[in-house]
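Subject: A structure for you to look at

Hello,

Here is the structure I promised to pass on to you. Please open it first, and then read my notes on what turned up in it.

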Amino acid sequence: IAVVMSSDLGKAMFGFAVEEILGSKVKKEIQGFIDELFALPHISSDGVRAKRKLLLKKILAIEGMKFLSAKREIEVLYRGTTLLLWIGSISDEIDVRWAAALRTELVCRGLLPGVSCE
């Protein structure tokens, strides 16, 4: 990643691919965080906050993260619908993906009214 992004030619030819790869890695880490939380017998706000803090550190430690644009468009699955959203940071992405997954789960369990988008 660093080699490709070290030159203007590399950025021009492969910059989009680097962003795709890094975005995919971030998404995978966030999905692991969500899966961990859903595996817990009880989810508390303190537990989410602590795990979120560790997740953010883990994501920022991914090699080449400085090449991933903080402000970018992402696809988020919400109740079976793919939404295109603009985010401003990795923290935003974590929050959006977590909220979508949690709300989807709560609607499926009948604990939250199902609305198409808030």
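Let me begin with glutamate 93, which touches Val26, Lys27, Ile30, Arg72, Ile74 and Ile87, if residues up to four places away in sequence are not counted. Please keep in mind that this is a predicted model. Glutamate 93 sits in helix H4. Is glutamate 93 buried or exposed? With a relative accessible area of 1%, glutamate 93 is buried, because buried means under 20%. Its side chain also has a polar partner: a contact of 2.9 Å joins the side chains of glutamate 93 and arginine 97.

Arginine 72 belongs to strand S1, which covers residues 72-78. Arginine 72 has a relative accessible area of 8% and is buried as well. A polar atom of the arginine 72 side chain lies 3.2 Å from the backbone oxygen of serine 69. Once neighbours within four places in sequence are set aside, the contacts of arginine 72 are Glu19, Val26, Leu85, Trp86, Ile87, Ile90 and Glu93.

Now for the overall picture. The protein chain has 4 helices and 2 strands, and along the sequence these follow the pattern α-α-α-β-β-α. The C-alpha trace spans about 55 × 30 × 20 Å along its principal axes. There are 118 residues in the protein chain, and buried residues make up 28% of them. If you take the contacts between residues at least 6 apart in sequence, 55% of these join residues at least 24 apart.

The helices come next. Two packed helices are described by the angle between their axes and the distance between the axes.

H2 and H3: Helix H2 runs over residues 8-39 and helix H3 over residues 45-60; their axes come within 10 Å and cross at roughly 160°. H2 and H3 are therefore roughly antiparallel to each other, since angles over 145 degrees count that way. H2 passes H3 in a right-handed crossing. On the H2 side the contact is made by Val26, Glu29, Ile30, Phe33, Glu36 and Leu37, and on the H3 side by Val48, Lys51, Arg52, Leu55, Lys58 and Ile59. Sorted by class, the contact of H2 with H3 holds 7 nonpolar and 5 charged residues, with no polar ones.

H2 and H4: Helix H4 covers residues 90-108, and the axes of H2 and H4 come within 10 Å, crossing at roughly 40°. H2 and H4 are therefore oblique to each other, and their crossing is right-handed. Where do H2 and H4 meet? H2 brings Val26, Lys27, Ile30, Phe33, Ile34, Leu37 and Phe38, while H4 brings Ile90, Glu93, Ile94, Arg97, Trp98, Ala101, Leu102 and Glu105. By class, this contact of H2 with H4 has 11 nonpolar and 4 charged residues and no polar ones.

H3 and H4: The axes of H3 and H4 are 11 Å apart, and the two helices pack at an angle of about 135°. That angle makes H3 oblique to H4. H3 passes H4 in a right-handed crossing. The residues in contact are Val48, Arg52, Leu55, Leu56 and Ile59 of H3 with Ile90, Ser91, Ile94, Asp95 and Trp98 of H4. This contact of H3 with H4 is made up of 7 nonpolar, 1 polar and 2 charged residues.

Arginine 49 is found in helix H3. At 51% relative accessibility, arginine 49 counts as exposed, and its side chain makes a polar contact of 2.8 Å with the side chain of aspartate 46.

Arginine 79 lies in the loop between S1 and strand S2, the latter being residues 81-87. What is phi of arginine 79 near? The value is near 50°, which is positive in a residue other than glycine. Most residues other than glycine have a negative phi. Arginine 79 counts as partly exposed, at 35% relative accessibility.

Enjoy exploring it!

Best wishes

How values were computed. Residues are numbered from 1 along each chain as its sequence is written. This is a predicted model: local features need pLDDT of at least 70, side-chain atom pairs count only at pLDDT 80 or more; totals for chains, interfaces and linings use all residues. Side-chain values use heavy atoms; hydrogens and water are left out. Axes are lines fitted to C-alpha atoms, for helices over the stretch in contact, and angles run from 0 to 180 degrees between N-to-C directions. Angles under 35 degrees count as roughly parallel, over 145 as roughly antiparallel, 65 to 115 as roughly perpendicular and the rest as oblique. A crossing is left-handed if the near helix is turned anticlockwise from the far one by less than a right angle, and right-handed if clockwise. Contact means heavy atoms within 4.5 Å. Ala, Val, Leu, Ile, Met, Phe, Trp, Tyr, Cys and Pro count as nonpolar, Asp, Glu, Lys and Arg as charged, and the others, Gly among them, as polar. Buried means under 20% relative accessible area, exposed over 50%, partly exposed in between (1.4 Å probe, protein chains only). A polar contact is a pair of N or O atoms within 3.5 Å; within protein, one must be able to donate a hydrogen and the other to accept it, and residues adjacent in sequence count only if both atoms are side-chain atoms.
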